[in-house]
Amino acid sequence: MVAAADAQNYAQKLGIIHDMVVQELGWDDDTDDALRAVVEEAIGGEMVDEDSDEVVDVVLLWWRDGDGDLVDALMDAIGPLSDDGFVWVLTPKTGQPGHVEPSEIAESAPTAGLTQTSAANLGAWSGSRLVQPKARAPKR
């Protein structure tokens, strides 16, 4: 169980605030329900799933070794993402079943058109924040 102070800290670490639209991908029995509850409390509602057609501010992608091709998953994740939105790839920590090497994320992100900006320690999970590069101003 995540302590309330830690839980609130997780929402802050993820940059998730009230009224954001958060899409959750890769949910399974092993996802951190306390972390999910903190996110939903922070946004003031439920996260949307992969079937949603809403434009989203944040994608939480639960990812484990053996889940498939991370580049493909990231390409799918950025489809509904707003221009200034971001993706958190959440992976089990080192030593946990399904652990993903950080190099896999670092190598997959640029191929999907994303840049890794930060990492977060989230209990039994680690988070990697990925953003879309800002579009350059048009030339005159």
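The largest nonpolar core of this predicted model has 22 residues. Ile16, Val22, Val58, Leu60, Trp88 and Leu90 are the residues with the most contacts inside this core. Two or more residues come from each of these elements: helix H1, helix H2 (33-43), strand E2 (56-62), and strands E3, E4 and E5. Helix H2 is the element that gives the most, with 5 residues. There is also a second, separate core of 21 residues, and Val71, Leu81, Ala109 and Ala112 are among them.

Leaving aside residues up to four places away in sequence, Val58 touches Ile16, Met20, Val21, Val22, Gln23, Leu81, Phe86 and Trp88.

Glu41 and Trp27 are 14 residues apart in sequence, and their C-alpha atoms are 18 Å apart in space.

The next topic is the sheet. In what order do the 5 strands stand in the open sheet? The order is E1-E2-E3-E5-E4, and the pairing is mixed. Strand E1 (22-25) and strand E4 are at the edges; each has a single partner strand, so one side of each has no neighbour in the sheet. From one strand to the next, the twist averages 20°. As a general rule, strands of a sheet pair through backbone hydrogen bonds, either parallel or antiparallel.

Strand E5 can be followed through its two pairings. With E3, strand E5 runs antiparallel, and 7 bridges join the two. In this pairing Val87 stands opposite Leu130 of E5, and Phe86 stands opposite Val131 of E5. E4 and E5 are also antiparallel and are joined by 7 bridges. Here Gln116 is opposite Leu130 in E5. E4 and E5 make a hairpin with 2 residues between them, and Gly123 in the turn has a positive phi of about 70°. Is strand E5 enclosed or open to the outside? It is largely enclosed by the rest of the structure, because 5 of its 7 residues are buried.

Strand E3 holds Thr91. Thr91 counts as buried because its relative accessibility is 4%, which is under the 20% cut-off. Apart from residues up to four places away in sequence, Thr91 touches Trp63, Val100, Ile105, Ala124, Trp125 and Ser126.

H4 lies across E3, E4 and E5, and runs at about 20° to E5. Just after H4 comes Gly113, which takes a positive phi of about 85°.

Helix H3 has a buried face of its own. Its buried residues are Leu70, Val71, Ala73, Leu74, Ala77 and Ile78. Seen down the axis of H3, they fall within an arc of 160°, so they line one face of the helix. The elements covering them include E1, E2, E3, H4 and E5. At the start of H3, a side-chain oxygen of Asp69 comes to within 3.0 Å of the backbone nitrogen of Val71.

The last stop is Asp19, in the loop between helix H1 (4-14) and strand E1. Asp19 is not a glycine, although it has a positive phi of about 75°. Is Asp19 buried or exposed? Asp19 counts as exposed because its relative accessibility is 59%.

Technical notes: Residues numbered from 1 in each chain as written. Predicted model: local features only at pLDDT ≥ 70, side-chain atom pairs only at ≥ 80, totals over all residues. Heavy atoms only, no water. Helix = DSSP H or I, 4+ residues; strand = E, 2+ residues; numbered from the N terminus. Pairing = 2+ DSSP bridges. Axes fitted to C-alpha atoms, helices over the stretch in contact; angles between N-to-C directions. Contact = heavy atoms within 4.5 Å. Buried < 20%, exposed > 50% of the residue type's maximum accessible area, 1.4 Å probe, protein only. Core = buried A, V, L, I, M, F, W, Y, C linked by side-chain atoms within 4.5 Å. Arc of directions from axis to C-beta. Polar contact = N/O pair within 3.5 Å; in protein donor to acceptor, adjacent residues only side chain to side chain.
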